[in-house]
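Please look through the sequence and the model shown below before reading on. The briefing then takes up a few topics in turn.

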Amino acid sequence: MAKLRYERDPDTEKLVRKIVVCLRLDWIDPSRVYVVKSRKSASNAIARIYGLPKVFQVSLGFEPCYVIELISEKFDRLPEEEKIKVLLHELMHIPKTFSGGLRPHGRYTSKRTIDKLYAMLRDAKKSGSC
């Protein structure tokens, strides 16, 4: 069995920054949101998000941060619209406190909310405001 590998994805990090700024997701500090692609993952997920727990922040002197893991074999095959929706879904797990914790699945991560945010993003691009 091949070994699981992780690699930073600076292009997707730039896209995340653009999404955060364009949609005015002001509680998210995009400089502390990192994106990695994993290869050879056995996960059924397309993507996951991890927050840095408070115990590590305090003991190691780190600020809160988040890592979005994209399962390359699944994420890379998606059409561009679906990729953006996946990123929106993961970003909506970040609470307004930007504390390192995560919101559960529910209202903020629902298909309806993600579709609404995607439409707002698409309209902003069309109008030239992003």
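Is cysteine 22 buried or exposed? Cysteine 22 is buried, since its relative accessible area is 12%, where buried means under 20% relative accessible area, exposed over 50%, and partly exposed in between, with a 1.4 Å probe and protein chains only. This is a predicted model, in which local features need pLDDT of at least 70 and side-chain atom pairs count only at pLDDT 80 or more, while totals for chains, interfaces and linings use all residues. Residues are numbered from 1 along each chain as its sequence is written, and side-chain values use heavy atoms, with hydrogens and water left out.

**The disulfide**

- The structure holds one disulfide, a term for a pair of cysteine sulfur atoms within 2.5 Å, and here cysteine 22 and cysteine 130 are the partners, with sulfur atoms 1.5 Å apart.
- The pair joins distant parts of the chain, 108 residues apart, with cysteine 22 in helix α1 and cysteine 130 in the segment after α5; helices (H or I, at least four residues) and strands (E, at least two) are DSSP runs numbered from the N terminus.
- Because the torsion about the S-S bond of cysteine 22 and cysteine 130 is about 115°, the disulfide is right-handed.
- Cysteine 130 counts as partly exposed, at 35% relative accessibility.

**Helix α4**

- Helix α4 covers residues 80-91, and its 12 residues should span 16 Å at 1.5 Å a residue, which agrees with the 17 Å between its end C-alpha atoms; the expected span is 1.5 Å times one less than the number of residues.
- Nine of the 12 residues of α4 are buried, so that the helix is mostly covered, and among them are Ile84, Val86, Leu87 and Leu88.
- The buried residues of α4 pack against α1 (10-22), β2 (33-39), β3 (47-51), β4 (66-71), α3 (72-75) and α5 (111-127).

- Leucine 121 lies in helix α5 and counts as buried at 3% relative accessibility.
- Leaving aside neighbours within four places in sequence, leucine 121 is in contact (heavy atoms within 4.5 Å) with Ile19, Cys22, Leu23 and Ile84.
- Serine 72, which has its place in helix α3, is likewise buried at 3% relative accessibility, and, with neighbours within four places in sequence left aside, it is in contact with Lys37, Ser38 and Arg39.

**Positive phi values**

- Most residues other than glycine have a negative phi.
- Arginine 24 has a positive phi, near 55°, and is found in the loop between α1 and β2, where it is exposed with a relative accessible area of 65%.
- Lysine 40, in the loop between β2 and β3, has a positive phi near 70°.
- The C-alpha atoms of lysine 40 and leucine 121 are separated by 32 Å, and the two residues are 81 residues apart along the chain.

**The largest pocket**

- The largest pocket holds about 170 Å³ of space; on a 1 Å grid over the protein atoms alone, a pocket is an open set of points where a 1.4 Å probe fits, with protein on both sides within 12 Å along at least five of seven lines.
- Lining residues, which have an atom within 4 Å of a point, include Leu23, Trp27, Met92, Arg112 and Thr113.
- The lining divides into six nonpolar, one polar and two charged residues, where Ala, Val, Leu, Ile, Met, Phe, Trp, Tyr, Cys and Pro count as nonpolar, Asp, Glu, Lys and Arg as charged, and the others, Gly among them, as polar.

Technical notes:
Points joined across faces, edges and corners; volume = space filled by probe spheres on them.
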